[in-house]
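Subject: Structure handover and findings

Hello,

My notes on what turned up follow below it.

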Amino acid sequence: KALVTELFGAWKSPSPFARVPNPYRAPAPTVLTAQTSDKANANMFGKLALRINDKSDDMPVLIVVDRMLGASTESRIPDRIREKEGLSYAIQTWLTPNSFEENTQLNIYAIFAPQNRERLSKAIGEEFARALKDGFTETELADAKRSLLQGRRIARAQDPALATGLISQAYLGRTWEY
């Protein structure tokens, strides 16, 4: 507090704080590429907007599905693409839950050799299609639940995660119980 007072004194913002809304917008499928001929690797980033927020009854299910699809190294997408087919050096999915609007992002990232681009894209699409068609096994579900619970226990034993959680909860008017 003393440092903030020293650095900013009695400065007051001329405008009151207002959170910038981020409503859902139906995405138009888009592929953007940039050539970097001096690089041996390629990177892929993908994002899918979903009409859900962190208060939705379906959010816990989506978190578990993300864990089974690609949020851990044992998930379907990394297991197939990195471990079995060797198409990428790293690949992962993650959620960016929205606490306000129904606009949560499902993201994917991969590092790969440029000549594997088509095979990589096809394999990712096949794994999403397989999940939609066949669902997940009881073993995948049990492993995902165990992994999520273990990760949360570990995170809550670390000061940065606790501080981030407390700040977020204060802003959202929530508690750990929520």
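Two strands pair if DSSP finds at least two bridges between them. Helices (H or I, at least four residues) and strands (E, at least two) are DSSP runs, numbered from the N terminus.

Some ground rules. This is a predicted model, so local features need pLDDT of at least 70 and side-chain atom pairs count only at pLDDT 80 or more, while totals for chains, interfaces and linings use all residues. Residues are numbered from 1 along each chain as its sequence is written, and side-chain values use heavy atoms, with hydrogens and water left out.

**The sheet**

Three strands form an open sheet in the order β1-β3-β2, paired antiparallel. β1 (42-50) and β2 (90-96) are the edge strands, each pairing on one side only. From one strand to the next, the twist averages 10°.

β1 and β3 are joined by nine bridges, in the antiparallel sense. Within that pairing, A42 stands opposite F112 in β3. β2 pairs with β3 (residues 104-112) over seven bridges, also antiparallel. Here T93 stands opposite I108, Q92 stands opposite Y109, and T96 has Q105 as its bridge partner.

Which residues of β2 are on the covered face, and which on the uncovered one? I91, T93 and L95 are on the covered face. A90, Q92, W94 and T96 are on the uncovered face. β3 is mostly covered, with seven of its nine residues buried. Buried means under 20% relative accessible area, exposed over 50%, and partly exposed in between (1.4 Å probe, protein chains only).

**Helices on the sheet**

For the angles here, axes are lines fitted to C-alpha atoms, for helices over the stretch in contact, and angles run from 0 to 180 degrees between N-to-C directions. Contact means heavy atoms within 4.5 Å.

Helix α2 (residues 59-71) lies across β1, β2 and β3. It runs at about 175° to β2. Helix α4 (residues 117-134) also lies across β1, β2 and β3, running at about 145° to β3.

**Cores**

A nonpolar core is a set of buried Ala, Val, Leu, Ile, Met, Phe, Trp, Tyr and Cys residues joined through side-chain atoms within 4.5 Å. The largest one has 14 residues. M44, I77, I81, I91, L120 and I124 have the most contacts inside it. β1, α3 (76-84), β3 and α4 each supply at least two residues of this core. Its largest share, four residues, comes from α4.

M44 touches I108, Y109, A110, F112, L120 and I124, not counting residues up to four places away in sequence. Another core, of six residues, lies apart from the largest one and has I52, M59, L62 and L106 among its members.

In soluble globular proteins, nonpolar side chains tend to be buried together.

**Helix pairs**

Two packed helices are described by the angle between their axes and the distance between the axes. Angles under 35 degrees count as roughly parallel, over 145 as roughly antiparallel, 65 to 115 as roughly perpendicular and the rest as oblique.

Take α2 and α3. Their axes come within 4 Å and cross at roughly 5°. α2 is therefore roughly parallel to α3. In the contact, M68, L69 and G70 of α2 meet R76, I77 and P78 of α3. These residues divide into four nonpolar, one polar and one charged. For the classes, Ala, Val, Leu, Ile, Met, Phe, Trp, Tyr, Cys and Pro count as nonpolar, Asp, Glu, Lys and Arg as charged, and the others, Gly among them, as polar.

Now α2 and helix α5 (residues 138-155). These axes come within 9 Å and cross at roughly 105°. α2 contributes I63, V64, R67 and M68, and α5 contributes E140, L141, A144, S147, L148 and R152.

**Two single residues**

Q169 is in helix α6 (residues 159-172). Is Q169 buried or exposed? Q169 counts as buried, because its relative accessibility is 13%. Leaving aside neighbours within four places in sequence, Q169 is in contact with R174, T175 and W176.

G125 lies in α4. Its relative accessibility is 35%, so G125 counts as partly exposed. The C-alpha atoms of G125 and D54 are separated by 26 Å, and the two residues are 71 apart along the chain.

Best wishes
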